[in-house]
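Me: I have just opened this model and would like a friendly tour. Could you take me through it by question and answer?

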Amino acid sequence: MASGGGRMEIPGGPRVLVVGGGIAGLGAAQRLCRHPAARYLRILEATARAGGRIRSERSFGGVVEMGAHWIHGPSQGNPVFQLAAEFGLLGEKELSEENQLVETGGHVGLPSSSCTSSGRSVSLELVAEMGSLFYGLIDQTREFLHATETPVPSVGEYLKKEISQQVASWTEDEETKKLKLAVLNAFFNVECCVSGTHSMDLVALAPFGEYTVLPGLDCTFSGGYQGLTDQIMASLPKDVMVFKKPVKTIHWNGSFHEAAFPGETFPVLVECEDGSRLPAHHVIVTVPLGFLKEHQETFFEPPLPTEKAEAIRKMGFGTNNKVFLEFEKPFWEPDCQLIQVVWEGASPLQDTAPALQDTWFKKLIGFLVLPAFKSVHVLCGFIAGLESEFMETLSDEEVLLSLTQVLRKVTGNPQLPAPKSVLRSCWHSAPYTRGSYSYVAVGSTGADIDLLAQPLPLDSTSAQLQILFAGEATHRTFYSTTHGALLSGWREADRLISHWDPQAQQPRPRL
């Protein structure tokens, strides 16, 4: 196969298939399309739309984000920010130097108003004091990155241990102490949403600091996040994207022949759910980790090497959903941006596992006030973990009823009009996603992310790169983000390009 100068010569050029049309798959395809060797390239997308976990929907007279919401760390080191700026998708404020320099430490901003579940207002000073305690401890967890051993296995246990010591020195009355613990519990729930986990007890302490926060004040797309994936799509040749083409099994390490290519042998054969069989020299798999966890036994033939299969099993992948509520009139103040709900009696130091159907909504962190669309007013609630997955089993009516009751209690107004409509994401039951994003779970490390990212076959550098892996769960420092997903797609495209042409200069530096 190899000829002068180490270049791989393949008659008619290599056939490359990308499995999954999210931002990782689109990024890989966009990069490969610019290379003269990549003459045959197809993205096989299981659903009827591109974008994966980026999904903007027209609703309530505007655009709402069902999936990815913010550009995290919108600054020069963030390729999603750079592309969005290039495509003209961001406003002046988002592009301002000032915005790009803000250091958030990756923490969510404090609420504009905080209410208890029985309608009492919580002082914002107390919320700020607990926020500062909580985020100070979160920052401390990052110090265990290179420690030879950690005091406890998980982030949650570390936070609880430290908080217990603090509580011992609190001098307020019992009621105030209980309120402080309930506020801290609300911060735990926020962190579960950020990490995409059911509990911080599931998140490994030692590797937690490896996740890298970029500078910049998190920002949104006024026209919808999907504008970004639409632009990337538009830059691809017309026939590259194939919709409604779920893949059943990827057969690799073989010698497959195809009537359309007489005399040619392919190492990989992609078998689709519709019975079609597509031969390829290289396949880039960009499906979500949740899908791999559910299907890895049947998705690869022969099965994945043991250590790679183990890494998939050990890594964490949880659910974070949103619930949008539309109101005729706002019941919140005009400048309110985030309404925090503090569940009375809740404490991070107590392990409670009550029946989900009675208490699922207690995992709600509160409501983000979306920018008003004309005369429409929308709140967006966030909820993570098993409660979030339970919510997916309920009807819209049941969710609306529960949340109307919650809001009536929180506002202390039993007459509060019910929301006009509800819209929500259901990422756990989405068959090709099975959750929201990855985290490094207790029992796994950043090395598992690298293992997942390793191409197959593992054993030999001279063997052709048959299966390559991309997606947010394969980026060691930016997992769970769209920029991590995009960079991983570029990384695998670059890997193929240097495989075909070792002398090729890569167009962009690695981030």
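Reply: Gladly, and one definition comes first: angles under 35 degrees count as roughly parallel, over 145 as roughly antiparallel, 65 to 115 as roughly perpendicular and the rest as oblique. This is a predicted model, where local features need pLDDT of at least 70 and side-chain atom pairs pLDDT 80 or more, while totals for chains, interfaces and linings use all residues. Residues are numbered from 1 along each chain, and side-chain values use heavy atoms, without hydrogens or water.

Me: How do H5 and H6 lie to each other: parallel, antiparallel, perpendicular or oblique?
Reply: Helices (H or I, at least four residues) and strands (E, at least two) are DSSP runs, numbered from the N terminus. Helix H5 spans residues 124-141 and helix H6 spans residues 155-168, and their axes (lines fitted to C-alpha atoms over the stretch in contact, with angles from 0 to 180 degrees between N-to-C directions) are 10 Å apart at an angle of about 130°. H5 and H6 are therefore oblique.

Me: Which residues of H6 make the contact with H5?
Reply: Contact means heavy atoms within 4.5 Å. On the H5 side, the residues taking part are Leu133, Phe134, Leu137, Ile138, Gln140 and Thr141. Across from them, H6 brings Val155, Tyr158, Leu159, Glu162, Ile163 and Gln166.

Me: At roughly what angle do H9 and H10 cross?
Reply: Leu289, Leu292, Lys293, Gln296 and Glu297 in H9 meet Ala309, Ile312, Arg313 and Lys314 in H10. H9 and H10 are therefore another oblique pair. Helix H9 covers residues 289-299 and helix H10 covers residues 306-314; their axes come within 9 Å, and the crossing angle is roughly 130°.

Me: Is H1 largely enclosed by the rest of the structure or open, and why?
Reply: Buried means under 20% relative accessible area, exposed over 50%, partly exposed in between (1.4 Å probe, protein chains only). In H1, the buried residues are Ile23, Ala24, Gly25, Leu26, Gly27, Ala28, Ala29, Gln30, Arg31 and Leu32. Because 10 of its 11 residues are buried, H1 is largely enclosed.

Me: How far apart in space are Leu26 and Asp230, C-alpha to C-alpha?
Reply: Leu26 sits in helix H1, residues 23-33, and is buried, with a relative accessible area of 0%. Leaving aside residues up to four places away in sequence, Leu26 touches Gly21, Ile43, Gly51, Thr229, Ile232, Met233, Leu236 and Met241. Although Leu26 and Asp230 are 204 residues apart in sequence, their C-alpha distance is 9.8 Å.

Me: What is the order of the strands in the open sheet of 5 strands?
Reply: Two strands pair if DSSP finds at least two bridges between them. Strand S6 (241-242) and strand S21 (467-469) each pair on one side only, so by that pairing rule they are the edge strands. With parallel pairing, the order is S6-S2-S1-S12-S21.

Me: In S2, what is the bridge partner of Leu17?
Reply: Strand S1 holds residues 15-19 and strand S2 holds residues 40-44. The two run parallel and are joined by 5 bridges. In S2, Leu17 finds its partner in Arg42.

Me: Which residue takes a positive phi in the hairpin of S10 and S11?
Reply: Strand S10 (residues 268-272) pairs with strand S11 (residues 277-280) in the antiparallel sense, over 4 bridges. Leu269 stands opposite Pro279 in that pairing. The hairpin has 4 residues between its strands, and a positive phi near 95° belongs to Gly275.

Me: How many of the residues of S18 are buried?
Reply: In a regular strand the side chains alternate between the two faces of the sheet. One side of S18 has His377, Leu379, Gly381 and Ile383, the other has Val378, Cys380, Phe382 and Ala384, and all are buried. The count is 8 of 8.

Me: Over how many bridges do S15 and S18 pair?
Reply: S18 (residues 377-384) is joined to S17 by 3 antiparallel bridges, with Val369 opposite Leu379. S17 (residues 366-369) also pairs with strand S16 (residues 338-342), antiparallel over 3 bridges, where Leu338 faces Leu368. The antiparallel pairing of S15 and S18 runs over 8 bridges.
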